[in-house]
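Welcome! Have the sequence and the 3D view ready, and work through the exercises below one step at a time.

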Amino acid sequence: MDDSSDDDTQGYPHFETLHVQTPLIHSPKLSIKLDCNIYYKIESIQPSGSVKMRGIGNFCYKAVESRGTDIHFICGSGVNTVLAVAYCARQLNVNAILVMPKETPAPICDAVRLEGSQLILYGENWDVAESHARKLVKRNGVYVPSADHEHIWEGHASIIHELRDQLGDDNPPAAIVCPVGGGGLLNGVITGLQEVGWKQVPVIAVETHGSNAFQASVVAGKLITLSNISTIASGLASTSISAKSLELSLVHPVVPFAVSDAMAADAVRLFAEDNKLIVEAASGAGLSLCYTQVIRDILPSLEQDADVVVLVTGGSDISLAQLDEYRKKYFRPPVIVKSGGEVFLKMEDKLTHIANHLDMADPMGISSDNLAKIHQKPQHHQLPPPAAAVPPPPPLPPSASLPPSTPPPLISQSQQQQQQNPHHHHHHHHQTSSQKSKAEASTPSSSNMAMMDAIMEDVASQHSITTTGTYENDMLHDQENLTPTPNNLMTPMTQ
């Protein structure tokens, strides 16, 4: 049976009955740290505990809208998807059969049963569970996929419509940080940006090293299926990406980026300490770009009044015991990231290109032996071998837009001298003549275009990037010596 219900329906325009609108929270701490406005879109408060509620809610609603309640939902597509289906089934008065691996934690099993769904524990992993679930689809059954369906993308697009209401029509964000697993959320975010006219707002698509199907596909220029995945971020664990994700990356600016499991886990700890909220490692992957200041390396031209939105996707694959384990095992790990086909390690407050040292099976992203060897060798910040590099696109004229799926920009050779300036990271980051203040330009065709043009000027072959220092040790010093701008003091807009 097909994964979807009939498509001849007028649609569900508002979504409120299944998912809830979520707050946009300003982070003074990270805003001061990064010298721009950092906002959290808090999806962890969705009824099912994660952003999945948006996409799955719309899919389930439309299935009932077209076929009535004499159906039953079937799903075995991951913890957060299953929990969302269980909630939707109860709200829509529909039966549900949900399949999860035998070793699924008891609290998650209890949550599914509490919603009234039939739970089957089957197999040793999610691949086996999903395969079994699909075999259970009969005449009145509707299999609910995790990501790859247009109704799911449509539901996720609602997050951008909310952002437009919260930030204002004429105030698009400078960037959106979006964790990526199977691609459902990414597709919805890009679709929503296109719908509201924010076509130049870049999406930073974050994965972990051991589950980077989207990054691998963009680099290869075709869909890639990973032979195996290894990540603690179960919400991002996918061997392949939706074909729609690769298609959309060709028409919208997307920056594929990968971080280590340890970076994601440590960001979960820091986010919990700062905000008294607990989220799973999939959310931590996106948050880690801010806590390690890598977002400044990806977007070096961010102005002080720029707004960066981090989608805090929530998730139920986390507990206090896991959080304590993260604190013990992954406290302040090495910062090792992957941009395109190149790997960078933060050393002495600089992102330095390293070759052939990424260990996808190691949560740290690099073995302790390799890390020790790198620190013993003098670093000359040389270019990687041509075969390992992703060729940068040619420079664009000021009126052009950023090519989609551009690898994260690195500082150009003309800016290397600026790294010697001790005030390099104060209020003007890689200013170019094409940049304008937000007061002069607040639409996608002006402020964001100027910022993206500046980014394109930064895309070059140099691979050593000065940053402001470790992401936690100097926090108290920053808060004592930096006065927030009015933007950093602004309160989130009410819905």
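**Exercise 1.** How do the residues of the lining of the largest pocket divide into nonpolar, polar and charged?

*Solution.* A word on the background: this is a predicted model, in which local features need pLDDT of at least 70 and side-chain atom pairs count only at pLDDT 80 or more, while totals for chains, interfaces and linings use all residues. Residues are numbered from 1 along each chain as its sequence is written, and side-chain values use heavy atoms, with hydrogens and water left out.

Step 1: Know the terms. On a 1 Å grid over the protein atoms alone, a pocket is an open set of points where a 1.4 Å probe fits, with protein on both sides within 12 Å along at least five of seven lines; lining residues have an atom within 4 Å of a point. Ala, Val, Leu, Ile, Met, Phe, Trp, Tyr, Cys and Pro count as nonpolar, Asp, Glu, Lys and Arg as charged, and the others, Gly among them, as polar.

Step 2: Sort the lining. It holds 14 nonpolar, 25 polar and seven charged residues.

Step 3: Look at the centre. Of the 46 lining residues, Ser77, Ser146, Gly182, Ala237 and Ser238 lie nearest to it.

**Exercise 2.** Find out which helix gives the most to the lining of the largest pocket.

*Solution.* Step 1: Helices are DSSP runs of H or I with at least four residues, and strands are runs of E with at least two, numbered from the N terminus.

Step 2: At least two lining residues come from each of helix H3 (79–92), helix H5 (126–135) and helix H7 (184–195).

Step 3: H5 gives the most, with four residues.

**Exercise 3.** Describe the surroundings of Thr313.

*Solution.* Step 1: Thr313 sits in the loop between strand S10 (307–312) and helix H13 (320–329).

Step 2: Its relative accessibility is 9%, so Thr313 counts as buried (under 20% relative accessible area, with a 1.4 Å probe and protein chains only).

Step 3: Leaving out residues up to four places away in sequence, Thr313 touches Glu43, Ser44, Gly49, Ser50, Val51, Pro179, Leu185, Ala282 and Ser283 (contact means heavy atoms within 4.5 Å).

**Exercise 4.** Which parts does the pair of Tyr40 and Phe271 tie together?

*Solution.* Step 1: Tyr40 and Phe271 form an edge-to-face aromatic pair, 5.0 Å centre to centre with 85° between the planes (ring centres within 6.5 Å, planes over 60 degrees apart).

Step 2: Tyr40 lies in strand S2 (residues 37–42) and Phe271 in helix H10 (residues 261–275), so the pair ties together parts 231 residues apart in sequence.

Step 3: Tyr40 and Phe271 are both buried.

How values were computed
Buried < 20%, exposed > 50% of the residue type's maximum accessible area, 1.4 Å probe, protein only. Phe/Tyr/Trp six-rings, centres within 6.5 Å; stacked < 30°, edge-to-face > 60°.
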